[in-house]
Amino acid sequence: MKNILTLSCIAFLFFSCLDKKKQEPSQTIVAPEAIVKDTMQKEEKEREMEPIAIDMDGSYFKATGTEPFWGLKIYNNKIELKTMEDTIQTPPTEPIKAQDSNIAMYRIQTEATLLDVIIAHKECSNAMSGEVFPYTVTVSYKNTGGDETKVYEGCGYYLPDYRIHDIWVLEKMQGTTVSKEDFNGNDVPNMEVNINNNRFSGFSGCNRMNGSLFYEKDVLRFTQIASTRMACPNMEKESEFLSALQSGVNYKIENNRLYLSNDSEENLLVFKKID
């Protein structure tokens, strides 16, 4: 009797294992080259810049106000003011800038209109939405020969140059071509500039870096730069690069290159577009 029970138990366990094997899903073996390909595709995707989300209509400054509603756009070839009653377009003009503060005034006089636009770098809150803007704007105009001057107050902001929204790698620093050897065999400094959130991030030669963008017409500054604190041999070039990046004020883009300069040095840094 004991032998019969033992055989029954063994048979039960044997068929249970067979059933379990049938229920287990088969495992797919992934070839090593497929894993490598998938990893490369993932890295390439992560390196791509996100699309520009800002409405770029060709203007470089916009302002709006309420009570009454009005809107202002400044282009390279015109200034456009829209009110509830009218749309006024004038030729462009160079702004008059205050020496002791960040205030710019556009003064335009045509056969039909006298128009003054004052842009002050002073935080401004939209009266209806509560949205905060970096500039306070005052617009006044009247028809030529008329007595009534209309004044509008509101908030505004500069639109960045869409061309800087890209991935850039350092090519020259203070007129000298750079190489990996200048940065201990590491990659040369590079950065991704994102105008959607006014941020940039990248590699400074030893450490990772990120910061904010400040821009006005023909002005671009890399500010609030923060970086990791890794130590590398001979970090002089990284320090030189970060100092130059923070001191850049003016910029231009030509031949897929971004040129940064300041009042004392032209082509302080030259970056090449890489994507």
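Asn184 is partly exposed, with a relative accessible area of 33%; here buried means under 20% relative accessible area, exposed over 50%, and partly exposed in between, with a 1.4 Å probe and protein chains only. This residue has a positive phi of about 60 degrees although it is not a glycine, and its place is in the loop between β13 (176-177) and β14 (190-194). Strands (E, at least two residues) and helices (H or I, at least four) are DSSP runs, numbered from the N terminus.

The model is predicted: local features need pLDDT of at least 70, side-chain atom pairs count only at pLDDT 80 or more, and totals for chains, interfaces and linings use all residues. Residues are numbered from 1 along each chain as its sequence is written, and side-chain values use heavy atoms, with hydrogens and water left out.

A word on confidence comes next. The pLDDT, which is the predictor's confidence in each residue from 0 to 100, averages 85 over the protein, and 83% of the residues score at least 70. Among the elements, β12 has the highest mean pLDDT (98) and α2 the lowest (40). Over residues 1-45 the value is below 50, and beyond near neighbours in sequence this stretch has one contact in the model, where contact means heavy atoms within 4.5 Å.

Now to the backbone. Most residues other than glycine have a negative phi, and most peptide bonds are trans. Asn255 sits in the loop between β18 (250-254) and β19 (257-261) and is exposed, with a relative accessible area of 63%. The peptide bond from Glu67 to Pro68 is cis, with omega near 0 degrees, and Pro68 belongs to the loop between β1 and β2.

Those two strands are also part of an open sheet. Nine strands form it in the order β4-β3-β2-β1-β11-β10-β7-β6-β5, with antiparallel pairing; two strands pair if DSSP finds at least two bridges between them. At the edges are β4 (87-90) and β5 (96-97), each of which pairs on one side only. Strand β3 (residues 79-83) and β4 run antiparallel and are joined by four bridges. Leu81 has Ile88 as its bridge partner in β4.

A disulfide is a covalent bond between the sulfur atoms of two cysteines, counted here when a pair of cysteine sulfur atoms lies within 2.5 Å. By this rule there are two disulfides, and they follow the pattern 1-2, 3-4, with bonded cysteines counted along the chain. One joins Cys124 to Cys155, with an S to S distance of 1.9 Å. Cys124 lies in strand β8 (residues 124-125) and Cys155 in strand β11, so the pair ties together parts that are 31 residues apart in sequence. The torsion about this S-S bond is about -65 degrees, so the disulfide is left-handed. Cys124 counts as buried at 11% relative accessibility, and Cys155 counts as buried at 4%.

Another disulfide joins Cys206 to Cys232, at 2.0 Å from S to S. Cys206 is in the loop between β15 (199-203) and β16 (208-216), and Cys232 in the loop between β17 (219-227) and α3 (236-247), so parts 26 residues apart in sequence are tied together. Here the S-S torsion is about 80 degrees, so the disulfide is right-handed. Cys206 is buried, at 7% relative accessibility.

Lys73 and Asp57 meet in one of them, at 2.8 Å from N to O. Lys73 lies in strand β2 (residues 70-74) and Asp57 in the loop between α2 (32-47) and β1 (61-65), so the pair ties together parts that are 16 residues apart in sequence. Lys73 is partly exposed, at 27% relative accessibility, and Asp57 is partly exposed at 27%. Asp57, Lys62 and Lys73 are linked in a network of salt bridges.

Lys273 forms a salt bridge with Asp166, with the closest N and O atoms 3.4 Å apart. Lys273 belongs to strand β20 (residues 269-273) and Asp166 to the loop between β11 (150-158) and β12 (167-173), so this pair ties together parts that are 107 residues apart in sequence. Lys273 is partly exposed at 31%, whereas Asp166 is buried at 8%.

Technical notes: Salt bridge = Lys/Arg side-chain N within 4 Å of Asp/Glu carboxyl O.
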